[in-house]
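Hi everyone, thanks for coming along.

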Amino acid sequence: MLALRGSLRRLSQALVHQVCSSFTTGHSQQEGTFYEFCTYYLKPANVEEFLYNFKKNVHLRTAHSELVGYWTVGFGGRINTIFHIWKYDNFAHRAAVYKALAKDEDWQERFLIPNLPLIDKQESEITYLVPWCKIRTPPKEGIYELSTFLMKPGGPALWGDAFQRAVNAHADQGYIKLIGVFHAEYGLLNRVHVLWWCENADARAAGRRQAHEDPRVVSAVRESVNYLDAQQNMFLIPWSFSPLK
């Protein structure tokens, strides 16, 4: 009997580890690939100047690492804010990129040094794609929504399945396209970001009203919110040089 109880205990522990790993240790994390979320809070008078200067010199920065997307915050967050996502193979790759940028005289002189005074505050967050989602390409140019969820402590073993069902229930409605789901590794923990594309803000609003009348969406969301502490949505406007438009 004791041997049976010991076997069951070990099996239970293995299953819990497996469930947790299925959400947090997907292919991208196992391979080392991660995404850095960078947020720049600019002084109001300097936004246009900063964006114009980055547009002129973006090729100097993307020569070192891959830019996923570059947006300004339209509403839903602090205005005069720039939000951008960069992809790295691993932490050694990121360190090598920043070391190379520090030695890149063109980047330093033409963009970084002249534009640093325009930035009021900077934030960086390291995220991994969840294993059941890859970065997708939008069908055409549009607008973006970044939905950020602060989940209850306990990790994906507690809320991962319910969260996935809620995201997929909205995605299945068709009024928005899922671009990526990211789980924070460094920054505020238990935070998950969902990046959506939509043709325009009015199409998103109409689709969302319709989705909230679908019992499948309602059921999935009700289950997921049991594990939710806070949520924020930001309306993002892509810039012409952003790969995600």
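A word on terms before we start: helices (H or I, at least four residues) and strands (E, at least two) are DSSP runs, numbered from the N terminus. This is a predicted model, where local features need pLDDT of at least 70 and side-chain atom pairs count only at pLDDT 80 or more, while totals for chains, interfaces and linings use all residues. Residues are numbered from 1 along each chain as its sequence is written, and side-chain values use heavy atoms, with hydrogens and water left out.

Let's begin with two asparagines. Asn-80 sits in the loop between β2 (66-75) and β3 (81-88), and its phi is near 60°, a positive value in a residue other than glycine. Why does Asn-80 count as partly exposed? Because its relative accessibility is 25%; buried means under 20% relative accessible area, exposed over 50%, and partly exposed in between, with a 1.4 Å probe and protein chains only. Asn-190 is in the loop between β6 (177-186) and β7 (191-198), with a positive phi near 65°. At 22% relative accessibility, Asn-190 counts as partly exposed. For background, most residues other than glycine have a negative phi.

Now let's zoom out. The protein has eight helices and eight strands, and 44% of its 245 residues are buried.

On to β1. Nine of its nine residues are buried. Phe-34, Glu-36, Cys-38, Tyr-40 and Leu-42 point one way, Tyr-35, Phe-37, Thr-39 and Tyr-41 the other. What does β1 pair with? Strands pair if DSSP finds at least two bridges between them. Eight bridges join β1 to β3, running antiparallel, and Tyr-35 has Lys-87 as its bridge partner there. Another antiparallel neighbour is β4, also joined to β1 by eight bridges, with Thr-39 standing opposite Glu-123.

Finally, the inside. A nonpolar core is a set of buried Ala, Val, Leu, Ile, Met, Phe, Trp, Tyr and Cys residues joined through side-chain atoms within 4.5 Å. The largest one has 24 residues, and Tyr-40, Leu-42, Phe-50, Phe-54, Tyr-70 and Ile-82 have the most contacts inside it. Its largest share, six residues, comes from α3. Contact means heavy atoms within 4.5 Å, and leaving out residues up to four places away in sequence, Phe-54 touches Tyr-70, Trp-86, Trp-107, Phe-111 and Phe-241. There is also a second, separate core of 22 residues, including Met-151, Val-181, Trp-196 and Val-217.
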